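Reader: I would like to learn how to read the parts of a protein model, step by step. Could you guide me through one?

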Amino acid sequence: MSLIINSLLPAFLLLFFFPAYAQDYAVSIIPEELMKNANSVIREHKVSYTINSEKEVIKQQTYAITILNQKADNQAVVLIPYNTAEKITLGKIMIYDASGKKIKTAKTSDILDRSYVDNMSLYTDLRLKYLKAIGSAYPFTLVYSYEIRSPKLYVVDNFQPYSSENQSVQYAEISVTNNAQVGLHTSFSGEIQPVISNPDFKTTVWSFRDLPSISNEPYAPDAYDIVPAVFITPDQLYYSGYRGSAATWADYGQWKTELLNGRNQLPVSSHEKYRQLTADCNTKTEKVRKLYKHLQSTTHYINISTDIGGLQPHHAADVENLGYGDCKDLSNFMVAMLKAVGIEAYYTAIKSGVGKYQFFMDHPGHQSNHIIVCVPLENDTIWLECTNQENPFGYVGQGIDRRFALIVDGSRSRVVKTPSYSEESNTLTSNFRLVTDGNDTYLKGSIRFGGLFAGMPAQVSRQTMHDQQQWVIQNLEIRNFNLRNHQFRVYDLEKVYVNLEIAADTPGLFAENAGRIYLPLNLNNKIKVPEKVRNRKYPFVIDKPFTQTDTVSIVLPRGFMPEMLPEARLADADFGHYYMKTSFNEGEIICVREFCLKEGRYAPERYKDFQAFIQNVSIADSKQLILKKE
Amino acid sequence: MNKILLTLLLITFSCVTFSQKNSIKFGKIDPELLKMTTCELDSSAGALIISDIGDVYINYDDLNGFKINMIRHLRVKVFNSTAFDLAKFKLKCYKSGDLEEKYTRIRAASYNLNESGKMETTELSKDNIFTDRISNKEKSYNFSVPNIREGSVFEVEYTLTSKLFWQLPEWEFQTKYPTLLSELNVAVPEYFIYKRQMRGYISPSFTESKKNARSILFRDGNYTEAVTYSENADKYVFINVPALYEEPFMNDISNYTAAIEFELAAIQFPRNYKDYTSSWDKIDKLLWNDEEFGVPLKRGSPLKKEAEVLKMTIPDPMKRMIAAHEIIRNSIKFDGRNSLYLSKSLNKVWENKTGKSSDINLLLISFLNECDIETHPVILSTRENGIINPAQIMLSKFNYVIAEAVIDSARILLDATDKKLTWNIIPEACQNGKGRRVSRDSRLNDWVDLNGKTPNEETYFYQVKMDSSGNIKGNFSLMLSELQAVDAAEKIRNANTEEDYINEIEASFTGMYIDNYTIENLDDRTNPLIVKMDGGFRHSIDESVKDVIFFNPGMGALIDENPFKAETRMYPIDFIRPKINKVICMISIPEGYEVAELPQNMNLGVSEKRGYYRYNIVVNGNNIQLSAMLNINSSLITYDSYEELRELFNRIVAKNNEMVVLKKI
């Protein structure tokens, strides 16, 4: 059968067989929905991976972004990190005006090639291709493309169509051409699922179209709850000669264990040194504490990584000699020290960051950015943050709490969860006494910081006296005072908490004003009222529950009687409660105040109730004690 | 006997002046240092700089000619882990054309007491020094001193060589850690004349100047000559330097750090003399003869046509100046970089429509002159670059240029880099002490005050009614001017929506709710920014005291906490500009109530008319009228007035917390 070609067909044939249509970057063709609340629009974000073998993965990216106004200036950059083992080829970089006409092509001399050693690092082999596009009129569109050839197969990608808030996406796509037919597993995040297609049996494409902009809302949940992403991880891994599997968490942990092999030994003399150091410790916990404090006082954080150094620690013996290393090095060294005194501990991979709790249980592979140490004992599990010299022993801070982590233990590698804090463990308890004896007025008392509140004061307690004083001054809500004395004490034997004792002169606090004295009763806890949000789109979370309990006792100045003893009581079944109770007894006024906020995750419609609840608490909290002259 | 004693004394005396240097040799550590647990200077310091000694000298050799050498030897005692970062070094060096800076002989070591009380030395190995090739102009040598722990002593020594004679390396005598000894030795052949500027608020413990005779074999082709020259050697020694702390309301901290910098004034070889910058006149001439500063200004402007149009259509010079400024400001995109000089021709700046701050403002100057408005360049140093000291003649301190237009007798400073600022406000970064007018007619050259005289004003205005439950309803507005308006307008523009800004105001006043609002003059900085709102405050009424209502008449807008709580202060207070804060409230009291107690009026002043606070409250029928005004006249208040300022705020805060008492009739 032959194709009948008549005069009409060639036109149709042309339409079907011409590969790509000329991209139109005119701003007028962007759908109106996408212009709402947007400072920039991603016109096209296409990434393709061609997997030829475990030693050859080619990434190609085309990126076109329209900058609508100056708020998105920082997005008008070409920023491509790469490492020296990879081969990078940059395509043309062009700028188009609002009508879609090309107005500039960047010269190769405009593109900076710089090393990417950040402040935290001493040296890495990361480099950067960098160009800042400056358009003289808004809107303008920046378009660029590049290719990177990589000799490893480790993570394929964590692809996110969005790169900023207040940004909409016209089209985004990730495709994998699996020439080597390696096994892959894929997961998605967020509320919008990609469209999946297979142009041929080796290629899979995941795409998103016309995504509206997302604005930041207060008390937002983890970004991955809302923002769509496609995670693609190979089942079999290859990096710098190390082979392994990421088919299950146990497999992945096994691979990570191999990276540690041969690097976690310490010389025999060191074993002896640590045994002696912990000789007079009675319990295992005390031994761990002794060695942790030794780590803190003899090492500090320095990042030096090249090649697979991003995943593999330096030899524990070297870290011991040099006295520095990054989280992997210091954690690995800590584990080796504990092993030397017969205590089992594990190198643990975790994703650290405030509020970054999301973990994809069904997606074994690289999901961490930090390493800590887990020490399972009979009655307790101790977690050690090895990069912070001022961290109290066993303290689990806001960067690593209540989330999943991977214990690296050969074939027994497993996912565990770090401790969470409830409103009963995050406590802020204060006890103050206000005394006036005619001319002098002074305040004496203490604040106890428990749970997640302990982290900051523990750090501050190690700083200079001047810096400590500044912090104490900022944390007291008294309108006018002279700090006389303060003392921090950090406790870390069972629970971690910090005690701060304060003594201050408070001139003018009992100033008489037309026969009355007005005294505010909240001395150290300012309530921050959340901002209103009209038409909230996304759920909100309260992920740092707490209980504040404050007691203020005031010795009644001679000649005065209480006129108004403030009292209030507020409660919400979901959010928490507040009460203030003042009583007068034998010349002394005692005010007890408690504010408790509970953990929870709520639908967006409930936000206005939450906002009103906190505002009501702040109004009740502003009541003052009023004393009247007799 | 006496003669021997005298000789001994003399020897001891000379040892005092040279002992610092001679006794501090790399590798020789007094074990007592290791046992030290705190230092007297500051018992809570994380570390103590034991000695930081610099030797800067210019010498000559056949191969390289004259070159600058700096040897630095730093020795530190670490008390606790908060100071471990001191052991991290990133030595940066630059390349300018063929001339390159180099680091050599980098060595470091740490000293610790081991278990048996013996001193243990760990040296930095060459393998642990990393070379970071930052770009093709910049390189960095990165290393961290090994084996640092609590109680360690460590030292670092390195040599820097350079042929960039324009500036000698800067030296800081003070850091955020206390220092026992910081010493700089500078030895320069008579041929090189450097100006020096000292910064900071402490003086050297002693200084010493000497002249040394040096002889070299000067080679010039086949011609060799033995030359003797005189070398000027200066020594600056600071002993027991306190740590440098930041305090609220300060200019950039670099202005307060004790430091010294050098700039080349002239090179004077026997056969030729090159004078660079020995007087202000010379600097002014230098700039006007520079291809990248004065020369293009002497030629015509690329905006000839636009100038013609403006001259024809806007006869009034002030209006013409504003229009011309608007054209430049709105057309050219500032790329964020500062300089004193043009980075391309004025034509190219206008063609490409982007440029550095110097490109934009020099184009503005050129354009304004073309529009027949006499305009001169004013060079200055931005706030983060440090403040200019008119007594020290150094061109390298200037990093920015603005325009000064002269219309009749008015002198108007103009900057066209920021689209958010109208013509009458120059960026906050530029409001830094004094700038220098460099006119083509050198007789007009003089110092210009950069800190605006018009105060930043912030006014709260309330017109409200209170009901018998203590709830308040009505309208209120916030009016901001000058820099405060600029900041607020910026905030509003950067927020997702205007409403976010209003929500923020609402959340920051206890019990406030805002029903409606308007924002006026968001972009017009010749007028104040006005936010008008209507809504109210919810107060919970206390049942325990019936028939009496207590409230604060300031509606939450009065300053109720002293911003200066620290008892002592080391550095002057910098408010940038004079400020005026006003709160005006008109409150109608509820029906059936009368005023039982009212705060008393108050009038306070700071010495030398530097500022005052006026609090006035009256009852007018059923209304209470409050007017409270805080006026700070000078932007800079020296630290010896601190006590007074602190006391002023104590009393202001006490007054602002006083309540009005209403009783049921």
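**Annotation, domains and cores**

Author: The UniProt annotation "domain: DUF3857", from an unreviewed entry, covers residues 61–214 of chain A; UniProt positions follow the numbering used here, feature names are shortened, and annotations may be inferred rather than shown by experiment. This is a predicted model, in which local features need pLDDT of at least 70 and side-chain atom pairs count only at pLDDT 80 or more, while totals for chains, interfaces and linings use all residues. Residues are numbered from 1 along each chain as its sequence is written, and chains are lettered from A and ligands numbered from 1 in the order in which they are written.

Reader: Into which domains is chain A divided?

Author: Domain bounds come from an automatic or database domain assignment. Here chain A is divided into domain 1 (26–234), domain 2 (253–417) and domain 3 (427–451 + 473–486 + 500–629). The C-alpha centres of domain 1 and domain 3 of chain A lie 49 Å apart, and their contact (C-beta atoms, placed from the backbone, within 7 Å) takes six residues from domain 1 and 11 residues from domain 3.

Reader: Which residues have the most contacts inside the largest nonpolar core?

Author: A nonpolar core is a set of buried Ala, Val, Leu, Ile, Met, Phe, Trp, Tyr and Cys residues joined through C-beta atoms within 7 Å, where buried means that 20 or more other C-beta atoms lie within 10 Å of the residue's own. The largest such core has 127 residues, and A:Met334 and A:Val373 have the most contacts inside it. Leaving aside neighbours within four places in sequence, A:Val373 is in contact with residues including A:Met334, A:Tyr346 and A:Leu384. A second, separate core of 54 residues includes B:Leu362 and B:Ile373.

Conventions
Contact = placed C-beta atoms within 7 Å. Buried ≥ 20, exposed ≤ 12 C-beta atoms within 10 Å, placed from the backbone.
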